[in-house]
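Trainee: Could you take me through one part of this structure in detail? I'd like a close look at the place where the two chains meet.

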2 protein chains.
Amino acid sequence: MVKVLQGKPVAEKLNKQTEQVVQDLKSIQCTPALAIVRIGDDDSSIAYESAAIKVMNQVGIEVSSLTFSTDTAHDVIFSAIDELNEDQNIHGILVMQPLPEGISRNEIAERIDPEKDIDGLTPSNLGKLVENNLTGLWPSTPKAVMELLEFYNIELKGADVCVIGSSPIVGKPLTILLLNAEATVSNCHVHTKDLKMYTRKADIVISATGSVHLITPEHIKEEAIVIDVGYGERDGEICGDVQYDKVEQKAAAITPVPGGVGPITTAVLAEQVVKAAWTFVTERKNN
Amino acid sequence: MVKVLQGKPVAEKLNKQTEQVVQDLKSIQCTPALAIVRIGDDDSSIAYESAAIKVMNQVGIEVSSLTFSTDTAHDVIFSAIDELNEDQNIHGILVMQPLPEGISRNEIAERIDPEKDIDGLTPSNLGKLVENNLTGLWPSTPKAVMELLEFYNIELKGADVCVIGSSPIVGKPLTILLLNAEATVSNCHVHTKDLKMYTRKADIVISATGSVHLITPEHIKEEAIVIDVGYGERDGEICGDVQYDKVEQKAAAITPVPGGVGPITTAVLAEQVVKAAWTFVTERKNN
């Protein structure tokens with residue numbers, strides 16, 4: 001019988017911990033605060049923003065939102081980020097993705113103060129990931145996968161893991177996090193010649209491609225653990241990278257879509273706002 | 001007949017290119033300059049420093065050396081790095097490794113100005129690697145491997161590559177560089193359960209463990225390409241991670257040790273000093 005790895009209990013546990021830290025911070029006169037920056041009105045961006053605001057409210061983090069139209073001069077947006085970097089009452093900055101055309105991810109990434117970069121997209125935080133320097137802030141989706149694996153006591157040390165997808169937002173940072181956890185990691189992607197050669201011998205298959213129903217039962221070995229980071233739509237239904245109905249009959253454990261990794265990402269964002277706030281308070285004390 | 005992938009012609013080609021850029025820089029009144037910082041007198045450190053100085057002299061880069069005894073107060077060392085960061089006549093800073101006990105790699109990494117970090121150890125440069133942001137400076141050994149693969153026209157896109165070793169200096173950054181080049185990459189290490197399962201299906205095996213003669217003919221498939229980044233000693237002879245004498249009979253191509261990747265690393269350091277100097281000149285012009 002397959003074990004369904006629900007994201008909700010993971011998110012709930014994280015949020016409970018975060019709520020406690022928020023209380024601790026408030027008791028020393030620090031109210032952790034997040035600023036969300038959104039450019040344009042992409043539907044998925046708005047939905048994710050709402051989900052993030054809901055979690056922040058729940059755990060007691062203050063949220064403010066800055067919204068720009070896609071025709072805003074880039075300098076105006078960059079100045080707004082600079083102001084948030086300077087603002088002593090803001091501990092975390094979240095710039096919603098996808099970004100509108102004409103603004104590159106790197107431009108935004110290099111603008112945000114790394115200490116407020118709660119979605120881990122600045123070069124400095126990505127580099128700390130490579131160093132396994134735990135003072136860094138990690139990208140939320142890869143960290144959400146790690147939280148899920150930890151919650152369900154899935155052993156990573158020495159495990160054979162196949163990550164599919166090598167984006168700088170999910171696949172590559174996730175590969176690094178798994179290496180830091182001492183797993184053996186294969187990273188596959190659109191140029192991989194023989195995907196099954198890798199997936200079939202993996203104890204854990206993690207797919208983050210956005211290619212609907214890419215992973216079939218033929219891709220996995222019996223009793224594999226299958227983590228689906230995809231999010232797409234087919235025949236009007238939300239679905240992931242994995243043919244859930246068929247793969248669940250072969251896997252030992254599987255995440256549903258929706259309801260798997262998704263709900264954990266916003267909990268990770270909240271966790272990282274309080275981490276950033278703690279760092280801010282500690283540095284203030286030391287100066 | 002195995003093809004021996006000598007490092008010397010790769011280094012020579014790089015050095016010739018670098019020498020040309022040095023001439024170009026000098027013609028616009030910029031003499032690229034490297035400062036080497038060494039703490040203690042570790043033999044391998046001194047040897048590597050000499051090799052680096054030789055290459056810098058050859059291509060026309062100025063070199064100055066700062067040497068500290070291992071009992072120097074850390075603040076003195078950090079202040080020296082701060083001064084080099086500020087010095088407008090220094091374009092590259094190379095802190096020799098291994099570092100003496102009590103100073104962590106991360107402390108040094110976070111101190112060096114990323115724009116002078118010609119051995120790519122700062123978080124910001126490692127993060128740019130993850131982003132595939134080409135304004136960054138890369139760690140010299142992983143970049144040396146990439147230069148060797150490029151020189152010998154070894155196709156990476158879609159190739160099955162197995163990297164053995166997952167240090168933040170070689171294994172992990174090399175894995176990322178190979179992913180950026182669109183190879184499928186498996187990263188194995190001391191916790192890997194079944195190394196041969198990975199190495200045997202790899203088109204390219206790259207070993208960077210320092211474990212002498214780890215890789216035997218049983219590890220590779222016929223006609224594999226074998227890159228040896230190890231450097232050790234057995235029976236008084238310098239050798240690498242690969243049982244060269246036996247593996248060369250099965251491989252299509254193989255790097256010797258010494259004489260393979262090693263000589264390329266110092267050429268990469270010189271290349272990155274001029275890259276840093278170019279960035280400095282360009283920024284000066286724009287300001």
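Mentor: Let's start with the area buried between chain B and chain A: about 3300 Å², with carbon and sulfur atoms giving 56% of it. Buried area is the accessible area (1.4 Å probe) that two parts lose on being put together, summed over both. Keep in mind that this is a predicted model, where local features need pLDDT of at least 70 and side-chain atom pairs count only at pLDDT 80 or more, while totals for chains, interfaces and linings use all residues. Residues are numbered from 1 along each chain as its sequence is written, chains are lettered from A in the order in which they are written, and side-chain values use heavy atoms, with hydrogens and water left out.

Counting contacts (heavy atoms within 4.5 Å), 39 residues of chain B touch 39 residues of chain A. There are 4 salt bridges between the chains, each a side-chain nitrogen of Lys or Arg within 4 Å of a carboxyl oxygen of Asp or Glu. In one salt bridge, K193(A) meets D203(B) at 2.7 Å, N to O.

Which elements of chain B give two or more residues to this side? They are α4 (105-111), α5 (123-131), α7 (171-180), β6 (184-188) and α8 (195-199). Helices (H or I, at least four residues) and strands (E, at least two) are DSSP runs, numbered from the N terminus. α5(B) gives the most, with 8 residues.

Now for the strands: β6 of chain A (residues 184-188) runs antiparallel to β6(B), joined by 3 bridges. Strands pair if DSSP finds at least two bridges between them. Here S186(A) stands opposite S186(B).
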